[in-house]
Amino acid sequence: KNSSIQEQEERRIEIEKNLARRPGPDVVEQMNSYQQDVKKKSKQMKAMASELNMHQAQVNEYKREIDKMSTELNDYKRKYF
């Protein structure tokens, strides 16, 4: 009987230790808030990355157009000068 009481006491102490290690409701709420913020920022970053890719493609197109016009200009210069 005494060992049974001692075992129960040890279990109770172990359970209390486990409960003490768990975060409180305020910590859980803060973590949830952080997770939502991270999801929101990730979504914003993906949108910005897509926008950046679009602008980079546009810049590359403009560069090709400038090269083409420069070549044409040089051709005209050689013809007429």
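Predicted model: local features only at pLDDT ≥ 70, side-chain atom pairs only at ≥ 80, totals over all residues.

Reader: Which other residue forms a salt bridge with Arg 12?

Author: That would be Glu 9, with the closest N and O atoms 2.3 Å from each other. Glu 9 and Arg 12 are three residues apart, about one turn of the helix, and both belong to helix H1, which covers residues 2-21. Taken together, Glu 9, Arg 12 and Glu 16 make up a network of salt bridges.

Reader: Nice. Is Glu 16 buried or exposed, or in between? And what about Glu 9 and Arg 12?

Author: Glu 16 is partly exposed, at 44% relative accessibility. Glu 9 is partly exposed too, with a relative accessible area of 36%, and Arg 12 is partly exposed at 38%. Partly exposed covers the range between under 20% for buried and over 50% for exposed.

Reader: How many salt bridges turn up in the whole structure?

Author: A search of the whole structure gives four. One of them joins the side chains of Asp 75 and Arg 78, at 3.1 Å from N to O.

Reader: Where do Asp 75 and Arg 78 sit, and how many residues apart are they?

Author: Both are in helix H2, which spans residues 25-80; because they are three residues apart there, about one helical turn separates them. Arg 78 is exposed, with a relative accessible area of 61%, while Asp 75 is partly exposed at 36%.

Reader: Switching topic: how many helices and strands does the chain have?

Author: The chain has two helices and zero strands. Its radius of gyration is 34 Å, well over the 12 Å that the globule rule gives for 81 residues, so the chain is more spread out than a compact globule.

Reader: What box do the C-alpha atoms fill?

Author: Roughly 115 × 20 × 10 Å, taken along the principal axes.

Reader: And what share of the residues counts as buried?

Author: Of the 81 residues, 0% count as buried. The chain exposes about 8200 Å², and carbon and sulfur atoms supply 56% of that area.

Reader: Which residues form a nonpolar patch on the surface?

Author: Val 27, Met 31 and Tyr 34 do, and together they have about 290 Å² of accessible area. Met 31 is part of helix H2 and counts as partly exposed, at 46% relative accessibility.

Reader: What about charge: how many positive and negative side chains are there?

Author: There are 17 positive and 14 negative side chains, and the centres of the two sets lie 4 Å apart.

Reader: Great, thanks for the tour!

Technical notes
Residues numbered from 1 in each chain as written. Heavy atoms only, no water. Helix = DSSP H or I, 4+ residues; strand = E, 2+ residues; numbered from the N terminus. Buried < 20%, exposed > 50% of the residue type's maximum accessible area, 1.4 Å probe, protein only. Rg over C-alpha atoms; globule rule 2.2 N^0.38 Å. Areas by Shrake-Rupley, 256 points an atom, 1.4 Å probe, with all protein chains shown as cover. Lys, Arg positive; Asp, Glu negative; His and termini not counted. Charge placed at Lys NZ, Arg CZ, Asp CG, Glu CD. Patch = residues over 30% accessible without salt bridge, like charges linked within 9 Å, V, L, I, M, F, W, Y side chains within 5 Å.
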